[in-house]
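Hi,

Here is the structure I promised to send over. Have a look around first, then read on for what turned up.

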Amino acid sequence: MADVIVVGGGIIGLTAGVRLAEGGASVELWSPVGPAETVSAVAAAVWFPSRSEPDPRLVTWAGVAYREFARQAEDGVPGVRMLPTVNRSRTDPWWAPATPGVETRFTAPACEMEIYLPWLQERFTAAGGRLRKREITTFDEVPGDTVVNATGLAAGRLCGDLAVYPVRGQVVLVRNPGLTTSVRDEERSLYVHPRGADVVLGGTFEAGNWDVTPDPAARAAIVARCTEAVPELAGAEIVGEKVGLRPARRGGPRVEREGRIVHAYGHGGAGMTLSWGCAEEITRLVDLDNG
Ligand SMILES: Cc1cc2nc3c(=O)[nH]c(=O)nc-3n(C[C@H](O)[C@H](O)[C@H](O)COP(=O)(O)OP(=O)(O)OC[C@H]3O[C@@H](n4cnc5c(N)ncnc54)[C@H](O)[C@@H]3O)c2cc1C
């Protein structure tokens with residue numbers, strides 16, 4: 001019997017699984033699907049505590065994750081890079097509307113999840129972690145003294161947590177015309193994130209919408225808005241499109257222990273941004289059991 005069973009194999013379950021397994025625990029990770037089919041694989045996956053409510057926990061977790069991703073980029077971890085970023089805002093400072101726009105520049109970690117999640121999964125198994133293709137309908141089906149609940153949006157149903165809701169996001173992938181700087185404008189739900197061969201154009205932010213079918217009108221609007229913001233995108237070939245349901249939660253992520261279950265869900269639009277910090281917190285909560 002494993003010391004810990006992590007239910008959920010998105011960015012939150014995988015990073016927690018890695019930390020626990022590398023810390024010496026015997027860990028099983030349960031998920032009905034591989035990493036490519038999770039919401040985490042849809043993420044533009046650029047570090048930014050997007051649309052989160054002010055919360056000191058998030059500052060700590062996002063800080064830990066920032067440093068970890070920066071280290072990984074330095075070490076050449078596949079799919080991880082530090083991305084120069086321009087944040088365009090029209091609401092802060094107060095006099096911003098008097099200008100054509102105010103820009104903040106910083107460097108943000110970014111991941112290509114198609115590459116990074118499989119790497120994480122391999123790191124988990126290399127540390128002795130075991131993968132099980134399992135879907136649960138209740139936590140009563142999960143044996144053992146310690147269970148991590150990293151089921152994302154499904155946690156709402158599994159835990160009867162009415163604060164959990166989907167925030168639909170649609171993104172468009174275009175061939176990279178040579179961009180190297182990320183541009184974002186939170187007020188317009190706009191982002192342009194260059195990766196290797198492609199650029200992620202976003203996006204939509206639709207609270208309460210469960211529809212995972214791409215919407216052609218949204219696609220056209222995203223391309224038009226992004227091209228207006230970054231004219232070099234004009235005519236770039238569309239090479240893909242994705243829709244995902246961000247696991248949002250009123251009151252912010254739930255990361256706490258309840259009996260034998262350590263809950264870790266509700267990361268909304270910032271799961272990658274908070275991942276390694278949350279994994280540390282989950283490890284601490286799991287350790288409480290043994291201490
Ligand atoms: C368009 C879009 C863009 C985004 N961009 C960013 C970004 O730039 N930066 C950022 O930080 N975040 C971003 N996000 C948010 C990020 O994707 C999420 O916060 C993150 O994926 C949540 O991870 P998770 O592991 O909690 O959930 P998921 O990735 O959804 O993983 C949940 C896991 O639980 C499993 N599971 C579910 N139900 C069951 C069950 N009954 N039994 C067993 N297993 C189950 C699933 O199969 C899956 O393995 C974006 C999201 C979207 C949609």
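**Around the ligand**

Keep in mind that this is a predicted model. There are 38 residues around the ligand, and the ones that come nearest are Gly9, Ser40, Ile136, Gly268 and Thr273. Two of these names come back when you look at the polar atoms. For Gly9, a polar backbone atom sits 2.8 Å from an oxygen atom of the ligand. For Ser40, an N or O atom in the side chain is 2.5 Å from an oxygen atom of the ligand.

How much of the ligand does the protein cover? On its own the ligand has 1,000 Å² of accessible area, and the protein covers 94% of that. The elements giving two or more residues to the shell are α1 (11-22), β7 (164-175), β12 (238-249) and α6 (271-290). By type, the shell residues split into 20 nonpolar, 15 polar and 3 charged.

**Helix α3**

Now for a helix you can check yourself. Helix α3 has 14 residues (113-126), which at 1.5 Å a residue should span 20 Å; the end C-alpha atoms are 19 Å apart, so the two agree.

Which residues of α3 are buried? They are Met113, Tyr116, Leu117, Leu120, Arg123 and Phe124. These cover an arc of only 120° around the axis, so they lie on the same side of α3. An α-helix has 3.6 residues a turn, so residues three or four places apart point the same way. On the other side of α3, Glu122 and Ala126 are exposed. Just after α3, Gly128 takes a positive phi of about 100°.

Cheers

Technical notes:
Residues numbered from 1 in each chain as written. Predicted model: local features only at pLDDT ≥ 70, side-chain atom pairs only at ≥ 80, totals over all residues. Heavy atoms only, no water. Near = heavy atom within 4 Å. Polar contact = N/O pair within 3.5 Å; in protein donor to acceptor, adjacent residues only side chain to side chain. Areas by Shrake-Rupley, 256 points an atom, 1.4 Å probe, with all protein chains shown as cover. Helix = DSSP H or I, 4+ residues; strand = E, 2+ residues; numbered from the N terminus. Nonpolar A, V, L, I, M, F, W, Y, C, P; charged D, E, K, R; others polar. Expected span 1.5 Å × (residues − 1). Buried < 20%, exposed > 50% of the residue type's maximum accessible area, 1.4 Å probe, protein only. Arc of directions from axis to C-beta.
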